[in-house]
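Here's a quick walk through a structure you have on screen. Have a look around first, then read on.

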Protein chains: 2
Amino acid sequence: MGSRRPENPDISKERKTCTFNPLELTFLLDGGRRRTKERRHMENYFLLDPELKDDVPIDYLSHKEKYEEAVRKACILHKKYKEFQKVTGQIDISRNGVMTHVTNSIFKDGYPFYLNTIMFAPAVIGQGTPEQQAIWLKKALNYEIIGTFAQTELGHGTFIRGLETTAHYDPRTQEFILNSPTLTSYKWWPGSLGHTANYAIVVAQLHTQGVCHGIHLFIVQIRDEETHEPLPGIKIGEIGTKLGMHTINNGFLGFENVRIPREHMLMKYSKVLEDGSYVRSPSNRLTYGTMIFVRVVMLQHSAFYLAKASTIAIRYSAVRRQCTIKPGELEVQILDYRTQQYKLFPYLAASFAIRFTAICSWNMYSEVIAELEGDLERLPELHELLCCLKAICTTIAAHGVETCRLSCGGHGYMTCSNLPSLYGFAAGACTYEGENTVMLLQTARYLMKAWQQAVGGMAMTPTVAYLKQAISGNNGLQYWDNSTACIVRGFQEVAAGKIKQCAENMSKRIQEGFSPQDAWNMTSIELVQCAEAHAHAFIVEKFVTSVAEFNASVSLKTVLTQLSDLYILFSLLHNSGDFLMYTNMKPVDVSNLQNQMEIILSQLRPNAVGIVDGFDFHDETLRSALGAWDGQVYERMFEAASKSPLNKDPLNESFQKYLKPLLKSNM
Amino acid sequence: MGSRRPENPDISKERKTCTFNPLELTFLLDGGRRRTKERRHMENYFLLDPELKDDVPIDYLSHKEKYEEAVRKACILHKKYKEFQKVTGQIDISRNGVMTHVTNSIFKDGYPFYLNTIMFAPAVIGQGTPEQQAIWLKKALNYEIIGTFAQTELGHGTFIRGLETTAHYDPRTQEFILNSPTLTSYKWWPGSLGHTANYAIVVAQLHTQGVCHGIHLFIVQIRDEETHEPLPGIKIGEIGTKLGMHTINNGFLGFENVRIPREHMLMKYSKVLEDGSYVRSPSNRLTYGTMIFVRVVMLQHSAFYLAKASTIAIRYSAVRRQCTIKPGELEVQILDYRTQQYKLFPYLAASFAIRFTAICSWNMYSEVIAELEGDLERLPELHELLCCLKAICTTIAAHGVETCRLSCGGHGYMTCSNLPSLYGFAAGACTYEGENTVMLLQTARYLMKAWQQAVGGMAMTPTVAYLKQAISGNNGLQYWDNSTACIVRGFQEVAAGKIKQCAENMSKRIQEGFSPQDAWNMTSIELVQCAEAHAHAFIVEKFVTSVAEFNASVSLKTVLTQLSDLYILFSLLHNSGDFLMYTNMKPVDVSNLQNQMEIILSQLRPNAVGIVDGFDFHDETLRSALGAWDGQVYERMFEAASKSPLNKDPLNESFQKYLKPLLKSNM
């Protein structure tokens, strides 16, 4: 795994006693033995290149140096990728995922060109005409330009309709004139925007022939291609330091009468003709596509953050020994403590839950996209589903990464564990691409409509079909037997029960004289909880059915089933109040299920290291002194500390300058 | 408040409609009008000094520069403090708290001399003989030396008895010889240790006359007073970058035959005589004192972190407008969204809960300390109580700070909000000075004993007296009426119910043949939950009784009562499963209490800004573009971004060096 140290005997022992073959899990997750081989080849090709490594860990650099170092590496990586493509010939689409993975490994605090491929190019594909795609997609994918996507403004994130940037069409010159009329209208946040990108897709309010037609997308050149100087009328810079993702180069952008050709408005759907007349898009549903795509990608990433954090924390816990359980015995591997298992294994399981949720979502997305030209009926359902899944999965991932970090005690607080950086990514995902509470309320709106349809006896779409069952069951709740199938249905009963309660509370408030909008706001805490319950019901069901469908050896299947059972028990016990209220589960069941969960923790214990080995993370991907394959935690921590520039000298010059005069003056 | 900008009208409006006088709250929290005046004077004296401000926010500096800048400021601050003492004459002990507050404001990422006062000096007081105190206390408090406290090792944090550093007594020279026999025995983590301190109190295994007597404390000079070079045999450096607290200068330290005089062992209790004979301490309870003291201080700090984060998030939420509730109306202050209130107000309330818990703990501590020379009976109870309170309060604070941060959407991710830095402190507290799970298990052990005593009909100490009631009530649970008094008792019933259940599970497992130690480990998830429930019961009761006892105006008392009611309802609803299991609360009560909680949220809404104004935080303490007094969020965010060194030039040199060659090569 890229390390030459001998393994720590504690971790070797774990590998010897594992009851299944981790490589089988690796093949399963990669999609086959050939894919694993290809991925490993590609990872080694890039990740072992000394030019792409950091001499001094970037955590020690200044903010400016971090950025410069990231640009340097990004340019090297890009050249190397072109060479790789030449050598290996035809591009296999499955490599895209691996390349993202490689990029994330090399740029542990963010890839400064990321927005070009994840946002600029997809927006051109989604919203550009064939002619526009021919021009801009080639330039972007070929890295002749670097693009970004500028939507969010200082004053507007969630409320896109409220964006203030304007684009007025001038038919005399056939140009749009862009302006930032207020301080709050400045674009704020787009990655790559600060000092990297020279083009941006800008979301602005389109005005033509004296009418505002709402927000549209425009390609705007922001920097000179030769000099990289900001073009006239462009006010641009970076927004400053953040909790994490330090090298994404988030920027701000203001316009003062910036003119762009008419052809720079993306016109696949809506159009502005030469004379300034506006042609409306046939459907606004079409714009859902990119949002759904990005959120499915976010689920995949959330699963990765959690898998990485679990790997680091579980390997560390296998090596770290602390206290004795029985006096006089050897200190215990902390992984043997039940409380430590309870911190780590449920989130290890959650990483699988989110991964399988992402796969199911991706499959649904692919199916719907295939139908896109024809029947659009399933698009809203998928959109609403992804809203709550994005919210719940990013929340679980952030909380899980932090739990893993805390489980490593003080050492998890060090950046050499890489856990703080992972938390930076996982936590960021809770607010970008749709703030999580807003996302849940979006789903809740759909659920309220679905409830009315269910009550009205209408046909239900698959993801909310359980509402129908809840109603047809005439509220007589199912018999409770603590089985997996029963618990999965229990999650649906909880969701249905909460949705019903919300619908009733809404009606009651409206009957009391509140406007529907005020009633909505007054009920919103519970509406959020509805959407959460709906998401949990989906995740739990997909986890259980995915595992059941896998074609795997008995030994691996056993482990995967333990993980899905653990996940559903953990989730249930965390919401036991809901189950006591909305299902036939009784207090005595809670104790039994707690006991059942504890048994699974002990069953998973001998395989914990094997499971995270199965993720097959390269050491250069984990970048963690605590989580490396060899388990040589303490040596690696010391090695990491030795790289601190402060440790280059036995004392710091601040002693002579400041400290000595102070101490002497006090004697 | 140190700001010259006009107030944002949205925040002025909040201040006008507040129903109570925030200044009354300020006086209450400070302990009187005179104290407020003194505090403000002191804050302005230090916080407005331009020499103590950062030209460039330290977030932009390299790790090394951050440290150097912190030492520079620390030395200036110290001189200024001496001047302040001269001018104002006699030192008022109540100023210590204010000075800590000032220091925390100036060093937003940690004060590099902190360990000298918070650990070195108290350890000398607690463990040193009068002669030792006379020498070392003067030197430390007068800043003739800078001390630190070196206990934790790379391989040992929780398990102090397992520390590996050795101190062998050599009677020929009457010296101790310190050694670090292994890599894992290196001291690791102590603040100030890296490059700042020149003395350390070192915790090491004492060996004399061939016998190991366990860990003891030794004063060790680590750097030359003239040159600051590490002394012979001392291997020292800093441990590297972390999630937060960047300028605390945590270090590592190893010993190779380092000799120190016999008199450098702290010998208030245990002693080594000249000939090497060992005199045992009369009681090991005496060492509890410092631990309890530090944990009470941590409660105070946790309350502060949460109060600061609440202030920032609530002021921002009063100014931030996003979306409309009713179409066509003005965009809404996000503080009007019920979901936003639900994120912020419970943690605002929690900051009071923790503050009052800290005050009660401090009072108990003072009482017990007053008895210390005589009756030590109450010390274990206080120690066990502080273990679970430390764990619960730091956990709530960390979670609350992060919830506040997330409630600010993307902007809370920026360091100019100061929320990431606050999270760094709050999260750090969860693992240092006793890892939280270990702390809870410590309390649980006490609770298991207490349960046996209650069952055996023995007299109970005050904090566990409720167990007796639970037993004498013959398990017939109280009638449930949703009142505050009923809920407070409900928290005790939950704790008692869980403690009873744990005791039964332990017995059952022992009867099944497991050793008591294995049974303990198997039951530990539930044992942790017992200690949590015990802590919650304590906090809730103290919050309610503290508010009831306050001598305040009706208008202020109303607000404080709303806060305590909100806190208990929020905590109950988050653990509704427990209440359904262990009290007479019924599912229908849950809906009613949810409704009651939502009403309190709306009652607190008009006073939210007033309450946080009442904390009276100086803008230089908050250091937040989102949370400043004037509410000029967007101007301040822009101003903060303009300080980024990357924004000094319109383009970065990485363009010519790296980016341009790449883009050109692709054309």
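Which residue of chain B forms a salt bridge with Lys664(A), and how far apart are the closest N and O atoms?

## Across the interface

The partner is Glu226(B), with the closest N and O atoms 2.5 Å apart. Keep in mind that this is a predicted model, so every value here is computed from it. That pair belongs to a set: the count between chain A and chain B is ten salt bridges.

As for the interface itself, 134 residues of chain A touch 134 residues of chain B. The size of an interface is often given as the accessible area lost when the parts come together. Here the two chains bury about 11700 Å² between them, and 62% of that lies on carbon and sulfur atoms. On the chain A side, Tyr413(A), Ile525(A) and Phe638(A) supply 7% of the area buried against chain B, more than any other three residues.

## How the copies are related

Two copies of a chain are related by a rotation about an axis and a shift along it. For this pair, turning by 180 degrees with 0.0 Å of shift along the axis puts chain A on chain B, at an RMSD of 0.0 Å. The two copies are therefore related as by a two-fold rotation axis. The interface fits that picture: 100% of the interface residues of chain A are also interface residues in chain B, so the copies meet through the same surface.

## The core

The largest nonpolar core runs to 306 residues, and Phe352(A) and Phe352(B) have the most contacts inside it. Leaving aside residues up to four places away in sequence, Phe352(A) touches Leu25(A), Leu29(A), Phe543(A), Leu560(A), Leu563(A), Ile611(A) and Phe615(A).

## A three-stranded sheet

In chain A, three strands make an open sheet in the order S4-S8-S7, with antiparallel pairing. Strands S4 (187-188) and S7 (234-238) of chain A sit at the edges with a single partner strand each, so one side of each has no neighbour in the sheet. S4(A) is joined to S8 (residues 251-255) of chain A by two bridges. In one of the pairings, Trp188(A) has Phe252(A) as its bridge partner in S8(A).

## Two positive phi values

Most residues other than glycine have a negative phi, and most peptide bonds are trans. Ser192(B) has a positive phi, near 70 degrees. Ser192(B) lies in the loop between strands S4 (187-188) and S5 (199-208) of chain B, and is buried at a relative accessible area of 1%.

Asp616(B) also has a positive phi, near 60 degrees. Its loop connects helix H20 (608-615) and helix H21 (619-622) of chain B. Asp616(B) is buried too, with a relative accessible area of 5%.

Methods. Residues numbered from 1 in each chain as written. Chains lettered and ligands numbered in written order. Predicted model: local features only at pLDDT ≥ 70, side-chain atom pairs only at ≥ 80, totals over all residues. Heavy atoms only, no water. Pairing = 2+ DSSP bridges. Helix = DSSP H or I, 4+ residues; strand = E, 2+ residues; numbered from the N terminus. Core = buried A, V, L, I, M, F, W, Y, C linked by side-chain atoms within 4.5 Å. Buried < 20%, exposed > 50% of the residue type's maximum accessible area, 1.4 Å probe, protein only. Contact = heavy atoms within 4.5 Å. Least-squares fit on C-alpha atoms with pLDDT ≥ 70 in both. Buried area = accessible area lost by both parts, 1.4 Å probe. Salt bridge = Lys/Arg side-chain N within 4 Å of Asp/Glu carboxyl O.
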